[in-house]
Structures are given as C-alpha cells and as structure tokens.
Amino acid sequence: MIHRVTLFLTILLLAFAPGLHAAPVVLMILEHTEDTKAVQTKIEVKSGVVESKDKGKPREKWIIRAGESVSSETRPGERAVNFYKTTGGGSTLLFIVKARYYPNADGKWAPHFQLNEEPLVMRGPDGKWKPLTVIQGVPSLIVQTGTALPNAEGYAASLELGFTTGAMPIDAWLVQ
C-alpha cells in the first residue's frame, strides 16, 4: 500500500512541477499575406506531421522567418522541415528547409535557413527522368525573392519564395 501511495505522489508532483513541461521551441515562422495583412504561423519543434490552419489556400509568396533564439552552451542540433501539399488522399513534398543555429549579438543561438530543392526523380511515361513532384502534378521550380543574403555556409536569416507556376498552398509540415 505504501508503494502505491509513493508512486501516486511522485506522479502527481511530476505532473504539476513548474518548468518540467516546457512549451515546444518555435523553430521558424511561416508567413504569408492575406488582404494586405501579414499572417504568421509558428512552426514548433515537435514530432509528427502538423496540418496548416491555412490548408488548401494557395499563396503567391511564402516567407520563412526565424523563430526563437535559444540559450545554450553548445550549438543546438540542426533541423529539417519538410513542407507538403495535399493532393487527393496523399501528400506531395514541395521542398525542404534546413535550419542551423548561429550565435547572435546577445549570445543566444538564432536559427538560419537553407532551401533544399533537390528533387527526387523517376522515369516519366516518356521514359525520361523527371522530378517526382512534376509527375505527381506539382511544380518543382521555386523562385527565391528575398533580399536576405546567406552566410558563408549558405544559410540566411529568412527566406522568401514562390513557385514558377503561380500560387501554391502549404498544407502540412514535418519537423525532423
């Protein structure tokens, strides 16, 4: 009986202890314009696929801004965020953004980003190699429009991008 009471009290203390359940870190902010207003969506470091609140709404331009700076003695680990468009019953990978942390002026680590457009390829009906997204009906050509210059390793503080064929929705993402 004493063992059960001790176990119960331990679980109770852990459940309500402050600071043990820290909120997920915001890695980046995905921004678009809606009726001349900037709309921002926080992309947090947490497991699993996250559906966008703007699912199915194509946008001409998407902006990726830095999320929270992190206090740490060592550089936080790199992340990759896969962005998807939902087509029918499945999802198609649009692009991947790699995130790497760099020190900022106040001594914290701030995320910087690199767009990865390396498409997966397969043979099309004509027998020629084509990007997988083109075969699945999604354009693979992305245009970067931002003015933020990358650092020596190719990572920028923000990214602005659009698709060559026009507006495209970002329906979901997966942080790795």
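## First stop: Ile 64

Select Ile 64 and bring up its surroundings: not counting residues up to four places away in sequence, Ile 64 touches Met 28, Ile 29, Leu 30, Phe 83, Phe 95, Val 97, Phe 113, Ala 157, Ser 158, Leu 159 and Leu 161. Contact here means heavy atoms within 4.5 Å.

Before moving on, some ground rules. This is a predicted model, where local features need pLDDT of at least 70 and side-chain atom pairs count only at pLDDT 80 or more, while totals for chains, interfaces and linings use all residues. Residues are numbered from 1 along each chain as its sequence is written, and side-chain values use heavy atoms, with hydrogens and water left out.

## The core around it

Now select Met 28, Ile 64, Phe 83, Phe 95 and Val 97: of the 25 residues in the largest nonpolar core, these touch the most other members. Such a core is a set of buried Ala, Val, Leu, Ile, Met, Phe, Trp, Tyr and Cys residues joined through side-chain atoms within 4.5 Å; buried means under 20% relative accessible area, exposed over 50%, and partly exposed in between (1.4 Å probe, protein chains only). Elements giving two or more residues to this core include S1, S4, strand S5 (79–87) and strand S6 (90–103). S6 supplies the largest share, five residues.

## Strand partners

Show S4 (residues 62–66) next to S1 (residues 26–34): the two run antiparallel and are joined by four bridges. Strands are DSSP runs of E, at least two residues, and helices runs of H or I, at least four, numbered from the N terminus; two strands pair if DSSP finds at least two bridges between them. Look for Glu 31 opposite Ile 63 in S4.

## Out to Ala 38

Buried or exposed: which is Ala 38? Exposed, with a relative accessible area of 55%. Ala 38 sits in strand S2 (residues 37–44) and touches Glu 31 and His 32, leaving aside residues up to four places away in sequence. Draw a C-alpha distance from Ala 38 to Ile 63 and you get 9.9 Å, for residues 25 apart along the chain.

## Last stop: confidence

Colour by pLDDT, the predictor's confidence in each residue, from 0 to 100. The chain averages 83, and 77% of the residues score at least 70. Over residues 12–19 the pLDDT is below 50, and beyond near neighbours in sequence this stretch has three contacts in the model. Where pLDDT is low, the predicted coordinates should not be read in detail.
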